[in-house]
Amino acid sequence: MKLNFNGSLPIQASEVARDWDTLYWVMTGVSLFFFVLVVGLMVYSAIAHRERPGHQASYFYHNSVLEFVWTAVPTVLLMGIFAWGWKVYHDMVSVPGDAYEIRVLGKQWLWNFIYEDGRVTTNELYVPAGRPIKLLMTSQDVLHSFFIPDFRIKQDVVPGMYTHVWFNPENPGEHVVFCAEYCGTSHSGMIAKVIALNEKDWQAWWRGKQLASIPSNTTGKSGETHAAGSLINQGQKLTQTKGCVACHSIDGSRIVGPSYKSLYGSRVEFSDGSTAQADENYIRESITNPQGKKVKGYEALVMPPYPGDAKEEEITAIIAYIKSLK
Ligand code: CUA
């Protein structure tokens, strides 16, 4: 379904954006129709049935047919709008399995984007066009909100946990990103750009910057840094230098704590009998507050929490590493 009076809204850069707009305009149209109908009948009745010389004010009280109709019709309409809205919402939050994952770190007052090869860009998110992109997001300080109007997506970015959002940029082009949650003095300046590249440019950007493991100022692009090695390598190094691997094996064998192997995505059972899926938030909590949940069979394990001054980037890298140990 295509509606053409969309000029008042930002461009529709994805299918989800088009779906939202269609729903929005249909709801606006339905509301407008009933507004005119109800107010029109009201005004007409007030005039036609008023008391005036030679005419007594009419008095209406009960009409079962009418009352049934004005209850049933809106009920069916609202249920339909609910089902439709639920469907679009479901499409908006269901990340396709083949989505390309990029980490987002919000801080006062900028956005850092962390790629799998360890590259970090600031306020410039490079993505391949025509592919679903998943953003795994967290904040270093306060609550932010990641908002891309052109894709009609908005998601809180919360310190201490991960949230995610996805979009499919259909065409190459640039789209603005706003912070949509008041986060201090320069909240309004917390603006980034999504740069969707065609396949050729994406490959060139990817290759070019990967080879350029030299200071970023010589690559010509601002706001780009190169960490030592890929995210997975960084995470692996951290689990060694911080001593994690003394207690957690990576090959599935039992040392002191649960093994990292095949941990991500698995179902973990706790000593109180409850279970949870080992997703990013579970692993994050296990690192920063290891005594919070006791894994069944490992009750005696006393793990010191990862240093409180740990950088979000480090936790992100460790999780990427654990995720890679399938
Ligand atoms: Cu970050 Cu507002």
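A crossing of two helices is called left-handed if the near helix is turned anticlockwise from the far one by less than a right angle, and right-handed if clockwise. Keep that in mind for the first stop. What you have above is a predicted model, where local features need pLDDT of at least 70, side-chain atom pairs count only at pLDDT 80 or more, and totals for chains, interfaces and linings use all residues. Residues are numbered from 1 along each chain as its sequence is written, and side-chain values use heavy atoms, with hydrogens and water left out.

Let's start with two helices. Helices (H or I, at least four residues) and strands (E, at least two) are DSSP runs, numbered from the N terminus. Two packed helices are described by the angle between their axes and the distance between the axes. An axis here is a line fitted to C-alpha atoms, for helices over the stretch in contact, and angles run from 0 to 180 degrees between N-to-C directions. Helix α1 covers residues 15–48 and helix α2 covers residues 64–93; they pack at about 165 degrees with their axes 10 Å apart. Angles under 35 degrees count as roughly parallel, over 145 as roughly antiparallel, 65 to 115 as roughly perpendicular and the rest as oblique. So α1 and α2 are roughly antiparallel to each other. Their crossing is left-handed.

Which residues of α1 and α2 meet? From α1 come Val16, Asp19, Trp20, Thr22, Leu23, Val26, Met27, Val30 and Phe34, and from α2 come Val73, Leu77, Ile81, Trp84, Gly85, Val88, Tyr89, Asp91 and Met92. Contact means heavy atoms within 4.5 Å. The residues of this contact split into 14 nonpolar, 2 polar and 2 charged. For that count, Ala, Val, Leu, Ile, Met, Phe, Trp, Tyr, Cys and Pro are nonpolar, Asp, Glu, Lys and Arg are charged, and the others, Gly among them, are polar.

Take a look at methionine 27, which sits in helix α1. Buried means under 20% relative accessible area, exposed over 50%, and partly exposed in between (1.4 Å probe, protein chains only). With a relative accessible area of 38%, methionine 27 is partly exposed. Between methionine 27 and leucine 125 there are 98 residues in sequence and 33 Å in space, C-alpha to C-alpha.

Moving on from α2, you come to aspartate 98, in the loop between α2 and β1 (100–107). Aspartate 98 is exposed, because its relative accessible area is 54%. Aspartate 98 and proline 132 are 34 residues apart in sequence, and 7.3 Å apart in space, C-alpha to C-alpha.

Now for the cores. A nonpolar core is a set of buried Ala, Val, Leu, Ile, Met, Phe, Trp, Tyr and Cys residues joined through side-chain atoms within 4.5 Å. The largest one here has 35 residues, and those with the most contacts inside it are Trp111, Tyr115, Leu135, Phe146 and Phe167. Strand β10 (residues 192–197) gives the most to this core, with 5 residues. A second, separate core of 28 residues includes Val120, Leu263, Phe270 and Leu325. Back to phenylalanine 146: not counting residues up to four places away in sequence, it touches residues including Val104, Trp111, Leu135, Ile153 and Phe178.

Most residues other than glycine have a negative phi, and most peptide bonds are trans. Yet a cis peptide bond joins glutamine 108 and tryptophan 109, with omega about 0 degrees. Tryptophan 109 lies in the loop between β1 and β2 (110–114). Arginine 152 is not a glycine, but has a positive phi of about 55 degrees. Arginine 152 is in the loop between β6 (144–148) and β7 (153–157), and at 15% relative accessibility it counts as buried.

Is tyrosine 282 buried or exposed? Tyrosine 282 is buried, as its relative accessible area is 9%. Leaving aside neighbours within four places in sequence, tyrosine 282 is in contact with Val268, Phe270, Gln277 and Val295. α5 packs with helix α6 (residues 312–324) at about 120 degrees, with the axes 10 Å apart. That makes α5 oblique to α6, and α5 passes α6 in a right-handed crossing. The residues of the α5 contact with α6 divide into 6 nonpolar, 1 polar and 4 charged.
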